[in-house]
Amino acid sequence: MSIARRIQLWADCSRATAVFVALAIAMSVAAPSYAAAAAASDASAVGVHGMVVSESEDAARAGVEILKHGGNAVDSAVATALAVGVTNPAACGIGGGGFMLIYIAKTHAFYALDYRETAPLQARPDMYLRNGKPNEDLARDGVLAVGVPGEIAGIDAALRRFGTMKFQQIAAPAEKLADGGFAASPHLAGEIARLASKLKSDPGLSQVFLKPDGSAPKAGDMIVEKNLAATLRSLGDDPVANFYHGEVATALAAFMKAHGGLIGAADLADYRPVWREPIHGRYEGYEVYAMPPPSSGGVVLEMLGALESGHLPGLGINSPPYLARLIEVMRQGFIDREQYADPSFVSVQIERLLTPAHIQELREHALHRKSPPPPPAPAHDHGTSNLLVADKDGNVVALTTTINTVFGAKMSVPALGLILNDEMDDFAVAPGVPNAYRLEGERANEVRPGKRPLSSMTPIIVTRNGLPVMTTGGSGGPTIVSGVLQVTLNILSFHLDPASAVEEPRIHEQAAPDVVIVEEAMPAATRSALEQMGYQLKVVPALGAVGAITIAPANFRGAFDPRKGGGAVGY
Ligand code: DON
C-alpha cells in the first residue's frame with residue numbers, strides 16, 4: 001500500500017476518535033491534501049553517520065543539525081523533543097512529560113530517565129468522584145486533568161548528565177520554529193480541525209491554532225507560537241530554576257489558582273525526574289532494553305519472551321496462525337499490565353514478571369485461552385510523540401513524550417504558550433472505570449499525591465553481541481505496546497527494513513475490552529480466518545504510529561510511520 005494511502009488512513013482514524021460520523025464527512029474533504037503532503041514527505045532514510053526519526057520532519061531536521069554541529073545523540077534527542085513540542089503541540093510539549101532510554105557507547109551502559117508528570121500534592125484517589133460516581137471527563141479536559149509537568153526537568157537532567165551543549169543551544173531550533181512559524185503538517189491540521197470547537201473555548205489555543213474567523217488552518221498554513229518562543233528563551237541555560245522555581249512557576253501556579261486547579265508553587269518546586277534502572281529481556285539471541293514501570297516496557301518484554309522460540313518466521317508474517325499467537329500473548333501481557341504502576345508507591349514485582357518461569361506461565365495461558373464475552377469497542381487517540389536518535393559514536397536515544405490525549409487538557413496558559421497535559425487520565429479514575437483508551441484501572445494505579453500514572457509509552461533499544469542493532473517506540477496509548485512489539489518482530493524475526501516494518505498492517509488486543517482491533521489494510525481473507533477462529537474483530541483504518549531505526553556500522557536506516565507522517569533524516 002502506498003504511503004499516501006496510509007497517511008489518508010491515519011487521517012481517517014483520527015476522525016474516529018470523538019464525533020465519528022459528522023467529522024468523517026468534513027475530513028474526507030481534506031483527504032487529497034494528506035495524499036499530496038505524503039508524496040512529498042521523507043518518512044524513511046539511510047544515513048552513514050547518524051539518524052533522527054520523528055513524527056515531525058522539521059523536528060528531525062533540527063535534531064540532525066545538532067548532530068552535524070558536534071552534538072551527541074542526547075543533545076540531538078532533546079533538541080528534537082523541544083522542536084516537536086512546537087511543530088506538533090497537540091501531542092507533546094513543555095507542559096507534558098516523558099521517558100528517555102539512553103545507550104552510551106563509551107561505557108556500554110543503558111540509562112532510563114523518567115520525567116513523567118506527577119499528581120499534584122492536593123490530589124486524592126476520590127478526586128474524580130461526584131455524588132459517589134466517577135466523572136471521567138474531569139480527568140480528561142480542564143484543570144483537574146493536569147499533572148505536574150516533567151518535560152523541562154527531564155530535558156535538563158539528560159543534558160546535564162550526558163549532553164555536550166547548553167540548553168539555549170539545543171532549544172534554538174525550537175525557538176526559531178515557534179518564533180518564525182512553521183507549516184502545519186497534514187496531521188496537525190487534521191487534529192486542529194477535529195478539535196476546533198474545543199480549541200475555540202480556550203483563549204490561548206484559539207489565538208494560536210485557529211484563524212481569526214475561528215476556522216482551522218489547512219496543511220501547509222503557517223502557525224506561529226510567539227509566546228512559547230519567549231518562554232523557551234526565558235529559560236536561559238538553567239531551565240529548571242526558571243521553569244520550576246522562577247517566573248514560569250509563578251505564572252503557572254497563578255493560572256492554576258485562578259482556574260481552580262491543584263498545581264501550586266510547591267508542586268513545581270518539588271518535581272524531580274527519576275533515573276531508574278532499565279529493564280531488559282531476551283528474544284532470539286537479542287537483548288531488549290526497555291523503560292521500567294511506570295512505563296509498560298516490561299509488558300513488551302514479557303510478550304517478546306512468550307513469543308520466543310515460537311518459530312514465528314515459519315508461520316509467516318501476518319498469517320492467521322501468527323496473528324492468533326500474537327493476540328493470545330498480547331491479551332496475557334495486558335492482564336499483567338494491571339500490576340504495573342509507579343514503583344515509588346506500589347511494589348511492582350517486575351523481576352518476577354520477567355523471570356523465565358513467569359514467562360513460561362504466560363506462554364501456557366496464551367496457548368489455552370477460553371473464549372471471552374463480546375466487549376465494547378475501545379477508543380483511539382493520536383497524541384504523544386516518539387523520536388529516535390542514533391549518532392556516529394554509537395550512542396542511541398529512544399524518547400517518548402506526551403501531553404496525553406490530543407491537545408492535552410484542551411487548555412493552555414496563554415502568556416506562556418504552554419499547553420496543559422491531561423495525564424491524570426492515565427490513573428485509574430476509580431477501580432474498574434476505563435480511561436480514554438478503555439484501559440481499566442486497578443488500585444495499584446489509583447491517584448496519590450506525588451505519584452506518576454501508569455503509562456503505555458515504551459521506547460526500546462535492542463542489542464546483539466553487546467551492540468545496539470535497532471531502536472523503536474511509538475504513540476497511540478495502549479497500541480504503543482502492541483505496535484512496538486509488532487515492529488520489533490517485523491525487524492528481528494522477519495528481517496524487514498524499518499520502512500516496511502512500520503508500514504506492515506497491525507493488530508491490537510488489550511484483554512479488556514477483549515476485542516481484536518485490526519487495521520483495514522490486513523487482507524480480508526486473513527480477517528475472516530481470524531473470525532473463523534472465534535475472534536471478535538473491530539476493523540479500524542489505522543492503529544498507533546511507530547518509528548524505527550536499524551543500526552549497523554556506517555549504515556543507519558530509519559523510518560517514521562506513514563500513518564502519522566513525519567520524517568527520518570540521516571546524514
Ligand atoms: O502514557 C500513556 O500511556 C498515554 N498518556 C499515552 C497517550 C498517547 O499515546 C496518546 N495517543 N494516542
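This is a predicted model: local features need pLDDT of at least 70, side-chain atom pairs count only at pLDDT 80 or more; totals for chains, interfaces and linings use all residues.

Guide: Start with strand S2 (residues 51-54) and strand S12 (residues 385-390). Four bridges join these two strands, and they run antiparallel.

S2 and S12 belong to an open sheet of seven strands, ordered S9-S4-S3-S13-S12-S2-S23. The pairing in this sheet is antiparallel. The edges are strand S9 (274-276) and strand S23 (567-570), each of which pairs on one side only. From one strand to the next, the twist averages 15 degrees.

Next come the helices that pack on this sheet. Helix H3 (residues 57-68) touches S2, S12 and S23. The direction of H3 makes about 155 degrees with that of S2. By the cut-off of over 145 degrees, that counts as roughly antiparallel. Helix H5 (residues 151-162) lies across strand S3 (97-104), strand S4 (109-115), S9 and strand S13 (396-402). H5 runs at about 155 degrees to S4.

Ser475 lies in strand S17 (residues 467-475). Is Ser475 buried or exposed? Ser475 has a relative accessible area of 2%. The limit for buried is under 20%, so Ser475 is buried. The side chain of Ser475 makes a polar contact with the side chain of Lys564, at 3.2 Å. Beyond its neighbours within four places in sequence, Ser475 is in contact with Glu55, Gly383, Thr384, Ser385, Ile480, Gly544, Ala545 and Lys564. Among these partners is Ser385, a residue of S12.

Strand S19 (residues 516-519) pairs with S20 in the parallel sense, over four bridges. Here Ile517 stands opposite Lys538 in S20.

Take helix H14 (residues 297-307) and helix H18 (residues 356-367): their axes are 9 Å apart, at an angle of about 70 degrees. H14 and H18 are therefore roughly perpendicular to each other. On the H14 side, the contact is made by Leu301, Glu302, Gly305 and Ala306. On the H18 side, His358, Ile359, Leu362 and Arg363 take part. By class, this contact has four nonpolar, two polar and two charged residues.

Finally, step back to the chain. There are 21 helices and 23 strands. The C-alpha trace spans about 60 × 60 × 50 Å along its principal axes. Of the 571 residues, 63% are buried. Among contacts with a separation of 6 or more, 73% come from residues 24 or more positions apart.

Methods. Residues are numbered from 1 along each chain as its sequence is written. Side-chain values use heavy atoms; hydrogens and water are left out. Axes are lines fitted to C-alpha atoms, for helices over the stretch in contact, and angles run from 0 to 180 degrees between N-to-C directions. Angles under 35 degrees count as roughly parallel, over 145 as roughly antiparallel, 65 to 115 as roughly perpendicular and the rest as oblique. Contact means heavy atoms within 4.5 Å. Ala, Val, Leu, Ile, Met, Phe, Trp, Tyr, Cys and Pro count as nonpolar, Asp, Glu, Lys and Arg as charged, and the others, Gly among them, as polar. Buried means under 20% relative accessible area, exposed over 50%, partly exposed in between (1.4 Å probe, protein chains only). A polar contact is a pair of N or O atoms within 3.5 Å; within protein, one must be able to donate a hydrogen and the other to accept it, and residues adjacent in sequence count only if both atoms are side-chain atoms. Two strands pair if DSSP finds at least two bridges between them.
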